[in-house]
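Please look over the sequence and the model shown here before reading on. The report that follows takes up the ligand site, then the chain as a whole, and then some details of the backbone.

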Amino acid sequence: MPEGIRPGTFLQHGARRPERNAGAVVPPLYQTSTYHYPAAFSEAAGSGEVHLYTRMDNPTVEVAAELVRGLEGGEGARLFSSGMGAASTTLFALLKAGDEVVALEDLYGGTLDLFRETLPRFGVQVRWVTETARLDPSEVVTARTRVVWLETPSGPLLRVHDIRAWADAADRVGALLVVDSTFATPINQRPLAHGADLVIHSATKYLGGHSDLVAGALVGPSRILDRVDSVHATLGSALDPFAGFLLARGLRTLELRVARHNDNGRRIAQELGAHPSVDRVYYPGRTGPDDEAIASRQMTGRGGVLSLALKGGPAAAEKFLRNLRLVHVASSFGGVESLASLPRETSHRHLSDAELARREIPPGLVRLSLGIEDADDLLHDLTQALGRV
Ligand SMILES: Cc1ncc(COP(=O)(O)O)c(C=O)c1O
């Protein structure tokens with residue numbers, strides 16, 4: 001972001017290129033797979049003004065990438081066909097057989113599967129760190145570690161992990177720290193400023209913000225993104241231009257939306273914490289004993305996702321979902337409309353009962369993604385549904 005420009009302003013003006021777009025205020029949708037091929041392509045290619053093929057680059061996708069780059073404060077950004085596309089492409093670009101990855105265990109189920117099922121088939125060794133152990137990062141990361149991967153806040157218990165401590169440990173051995181910051185958004189947390197090498201998002205969530213696209217983002221230094229580029233092209237994980245257009249459009253209101261998500265999250269976490277049917281509310285800063293201290297160091301807002309353990313367990317959770325009138329029962333999070341889901345059936349369906357128990361995830365846990373509706377209306381819906389469990 002240019003010096004002195006704040007996110008809300010950058011999102012309106014940060015990617016404007018009227019000279020390239022017939023003066024259009026809104027960067028247009030280049031829904032094309034290919035481009036006129038200049039006779040001297042290789043000479044023109046370095047200028048950034050010419051394009052070859054949309055699997056490699058597309059001007060609409062570049063607009064959205066530039067907005068994400070500026071928000072995170074990185075040298076460059078790349079967009080992908082999904083958050084999983086961003087994660088898998090990045091890992092395939094950074095790792096080779098024999099390398100070791102240290103992964104903090106409380107990851108989105110799809111990422112967990114990638115580490116557990118896919119990477120070991122290519123000879124990558126994964127060392128798992130249990131989130132409850134709170135180990136000293138420098139004791140976990142070794143000279144063999146190439147990549148350290150963490151999600152903060154993490155689903156479904158909204159734990160927070162100390163980005164600076166893991167970044168220092170990774171730096172000491174020359175490993176790269178990748179932070180999945182999807183739950184936080186760059187409005188609430190900028191991992192690169194806390195020492196992370198790369199930040200990754202499921203842009204399907206808050207960045208897009210309207211539950212109408214699937215996308216992933218990666219931000220970091222050009223020297224690393226250059227390594228990712230060739231794998232991005234060969235794996236074919238490019239973002240479609242129309243999704244890129246929707247993402248750029250959604251991003252323009254990110255700061256406003258996140259302010260409302262933060263307000264709704266804070267208020268509803270507080271009020272539901274006092275409800276007689278609720279055993280526990282999980283919200284960033286409230287899960288583990290050190291979480292508040294870590295969150296206040298690295299986050300400026302806590303977001304709109306919280307999880308609820310109900311006193312009546314799984315049976316009460318199912319009744320609660322059935323009784324909701326406004327809040328949609330659906331997986332995913334980060335959209336303008338509120339959603340409720342049971343992580344054991346959606347994001348964390350990959351975990352066995354034993355794993356859920358070991359990770360202290362209550363069997364009837366409900367995840368709420370609070371949208372931008374009026375907080376009083378949301379509270380009314382949530383409390384009427386809780387009153388009938
Ligand atoms: C924290 C987190 N990271 C990554 C992903 C994967 O993103 P996508 O669904 O866009 O592939 C998800 C999806 O739910 C997620 O919750």
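## The ligand and its pocket

In this predicted model, the largest pocket is the space that the ligand takes up. The shell around the ligand is made up of five nonpolar, five polar and three charged residues. There are 13 residues around the ligand, and those that come nearest are Met84, Asp180, Ser202, Thr204 and Lys205.

## The chain as a whole

The secondary structure of the chain comprises 15 helices and 12 strands. With a radius of gyration of 21 Å, close to the 21 Å that the globule rule gives for 389 residues, the chain is therefore as compact as a globular protein of that length. Taken along the principal axes, the box filled by the C-alpha atoms of the chain is roughly 70 × 50 × 35 Å.

## Backbone details

Most peptide bonds are trans, and most residues other than glycine have a negative phi. Against that background, the loop between strand E4 (145–151) and helix H7 (163–172), in which Pro153 lies, deserves a look. The peptide bond from Thr152 to Pro153 is cis, with omega near -10°. The peptide bond that runs from Gly155 to Pro156 is likewise cis, with omega near -10°, and Pro156 also lies in the loop between E4 and H7.

A further detail concerns Ala22, which is not a glycine and yet has a positive phi of about 50°. Ala22 is placed in the loop between helix H1 (7–13) and helix H2 (41–45).

How values were computed
Residues are numbered from 1 along each chain as its sequence is written. This is a predicted model: local features need pLDDT of at least 70, side-chain atom pairs count only at pLDDT 80 or more; totals for chains, interfaces and linings use all residues. Side-chain values use heavy atoms; hydrogens and water are left out. A residue is near a molecule or strand if one of its heavy atoms lies within 4 Å of it. On a 1 Å grid over the protein atoms alone, a cavity is a set of points where a 1.4 Å probe fits but cannot get out, and a pocket is an open set with protein on both sides within 12 Å along at least five of seven lines; lining residues have an atom within 4 Å of a point. A molecule sits in a cavity or pocket if more than half of its atoms lie within 2 Å of its grid points. Ala, Val, Leu, Ile, Met, Phe, Trp, Tyr, Cys and Pro count as nonpolar, Asp, Glu, Lys and Arg as charged, and the others, Gly among them, as polar. Helices (H or I, at least four residues) and strands (E, at least two) are DSSP runs, numbered from the N terminus. The radius of gyration is taken over C-alpha atoms; the globule rule is 2.2 Å times the number of residues to the power 0.38.
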